[in-house]
Amino acid sequence: MTETDAHPEDSDSGQQPLEADRLRDLLLAPGYLKVLAFSAVIGIPVSLVAFWFLVGLHELEHLLWAELPHGLGWDAPPWWWPLPLLLVAGVAVGLVATRLPGGGGHVPASGLHTGGTPPVTLPGVLIAAAASLPFGAVLGPEAPLIALGGGLALLFRDLTRAPATPQTTALLGAAGAAAAIAAIFGNPLIAAVLLIEVAGAGGPQLFAVMLPALLSSGVGALVFTGFGHWTGLETGSLSLELPMPFPRLDAGDVLWTIPLALALAVLLHPVLAFARRVASFIKGGVVGRTVLCALAAAACAALYALITGRAPADVALSGQATLGRLAADPHAWGVGALLAVLLFKGIAYSLCLGSLRGGLVFPALFLGATAGVLLAPLPGLGLVPAMAAGMAAATAGTLRLPVSSVVLVSLLLGGSAMMPVVILAAVIAFVATELLPERPALPPAPRAEKTPAR
């Protein structure tokens with residue numbers, strides 16, 4: 001008799017469903033409550049480390065892209081400014097990928113990863129992220145934050161000599177990653193949802209992963225928010241200032257969302273496929289080819305600046321700050337500038353995804369919002385619904401995480417008024433992406449070279 005057959009009366013007798021019984025047994029399992037308590041504790045140090053890591057990235061970016069050009073006599077970075085910065089990024093990431101354990105973290109083209117990051121790989125992850133993100137890589141900080149949080153959680157576990165089992169490794173890795181990533185999104189809910197969806201857990205295991213992740217990210221958010229106000233330092237957290245109050249959705253907004261989401265899914269598919277081909281290309285000579293791809297991304301930013309007369313930072317960097325400016329004043333961008341930034345940032349995004357280190361989320365949000373602004377003049381389509389649908393479609397098509405995309409964009413918008421088009425765009429883009437041809441396989445991660453003994 002199977003376990004299911006042993007409770008044939010459950011559906012009619014009013015007893016708890018079998019899954020609820022399993023969940024209760026899981027929560028009462030030896031060691032799980034200890035893991036839950038430990039998750040609350042580690043949210044404090046992980047969030048503090050994440051805070052200073054993001055502050056460091058933000059301050060270094062401001063130094064390289066604002067203070068240094070001003071100190072040299074320019075009001076804004078000249079068109080060629082990304083070339084030397086991304087040359088440094090390419091050399092540093094190439095050396096980290098070949099010399100340090102873990103290769104500086106996952107290649108961004110492979111998507112987001114959760115789970116326990118071995119603490120020995122953390123130096124490489126931090127160096128590669130610090131060399132990529134402030135120097136102009138078209139990537140976000142979420143992937144290094146996930147690795148940082150998961151690795152620190154396991155490091156604290158080892159320092160306290162807590163039992164190391166496959167279950168504690170998975171749970172504490174997810175909890176630490178959630179505490180760290182809550183820092184950049186400014187909300188523990190999206191951190192927990194994102195980690196759950198990336199982990200692909202379901203049933204009672206869903207709650208087993210969710211509880212430590214939610215608890216740790218919630219504690220971390222309290223510490224992170226309070227510490228930010230106390231120090232007055234900025235980390236560059238993601239936020240938008242859209243016109244308020246939001247307009248009411250009408251039939252035109254909903255109908256235009258369908259082709260907009262389909263178009264973004266189709267257009268982003270070759271971007272991500274090319275990123276994987278770039279990663280395969282890098283394997284043939286990691287340092288030299290990483291530098292070559294980084295310089296090619298810099299050339300995209302330089303060409304954009306030459307053609308449009310706008311700042312090269314529109315194409316370089318994650319797009320986090322530029323997204324805020326785009327949302328605040330979309331009419332400052334002409335049609336030509338919007339088309340140019342979509343083209344050049346899309347190419348640079350592919351190159352950076354396959355060669356440097358960072359995350360996929362922020363550039364995808366920017367590209368989706370830009371597409372929305374470009375298409376907003378269509379009859380019956382409003383600006384805010386177009387941006388909301390564009391961000392949801394681009395994020396879902398890139399990450400292939402529809403629930404996380406809906407939660408992220410809804411929280412980013414600061415309300416539920418655009419929820420129908422956000423959900424519709426995310427679902428359509430996700431389904432369309434899954435029906436498109438499979439992306440090329442990624443090569444194995446490069447192994448660190450052993451330094452000869454002297």
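Mentor: A residue is called buried when its relative accessible area is under 20%, exposed when that area is over 50%, and partly exposed in between. Please keep in mind throughout that this is a predicted model.

With those limits in hand, take Trp 80, which lies in the loop between α3 (32-71) and α4 (82-99). Its relative accessibility is 30%, and therefore Trp 80 counts as partly exposed. Trp 74 has a relative accessibility of 32%, so this residue is also placed in the partly exposed class.

Turning to the rings themselves, the structure holds 5 aromatic pairs by the rule applied here. One of them joins Phe 51 to Trp 52 in an edge-to-face arrangement, with 5.2 Å from centre to centre and 85° between the planes. The two partners fall into separate classes: Phe 51 has a relative accessible area of 1% and is therefore buried, whereas Trp 52, with 45%, is partly exposed. Another pair is formed by Trp 74 and Trp 80, again edge-to-face, where the centres are 5.6 Å apart and the planes make an angle of 80°. Trp 80 also belongs to a cluster in which ring pairs link Trp 74, Trp 80 and Trp 81.

The charged end of Arg 289 sits over the ring of Phe 281, at 4.4 Å from the ring centre, and the charged end of Arg 310 sits over the ring of Trp 333, where the distance to the centre is 3.9 Å.

Leu 317 is not a glycine, yet its phi is positive, at about 70°. Most residues other than glycine have a negative phi. Leu 317 has a relative accessibility of 8%, and it therefore counts as buried. Arg 400, in the loop between α15 (383-399) and α16 (402-413), likewise has a positive phi, near 60°, without being a glycine. With a relative accessibility of 24%, however, Arg 400 counts as partly exposed.

Thr 257 is part of helix α10 (residues 251-283), and its relative accessibility of 2% is why it counts as buried. Once its neighbours within four places in sequence are left aside, Thr 257 is in contact with Ala 389, Val 421, Leu 424 and Ala 425. Thr 370, in helix α14 (residues 361-375), has a relative accessibility of 1% and so is also counted as buried. Apart from residues up to four places away in sequence, Thr 370 touches Leu 326, Leu 338, Val 341 and Leu 342.

Key. Residues numbered from 1 in each chain as written. Predicted model: local features only at pLDDT ≥ 70, side-chain atom pairs only at ≥ 80, totals over all residues. Heavy atoms only, no water. Helix = DSSP H or I, 4+ residues; strand = E, 2+ residues; numbered from the N terminus. Phe/Tyr/Trp six-rings, centres within 6.5 Å; stacked < 30°, edge-to-face > 60°. Buried < 20%, exposed > 50% of the residue type's maximum accessible area, 1.4 Å probe, protein only. Lys NZ or Arg CZ within 6 Å of the ring centre and 35° of its normal. Contact = heavy atoms within 4.5 Å.
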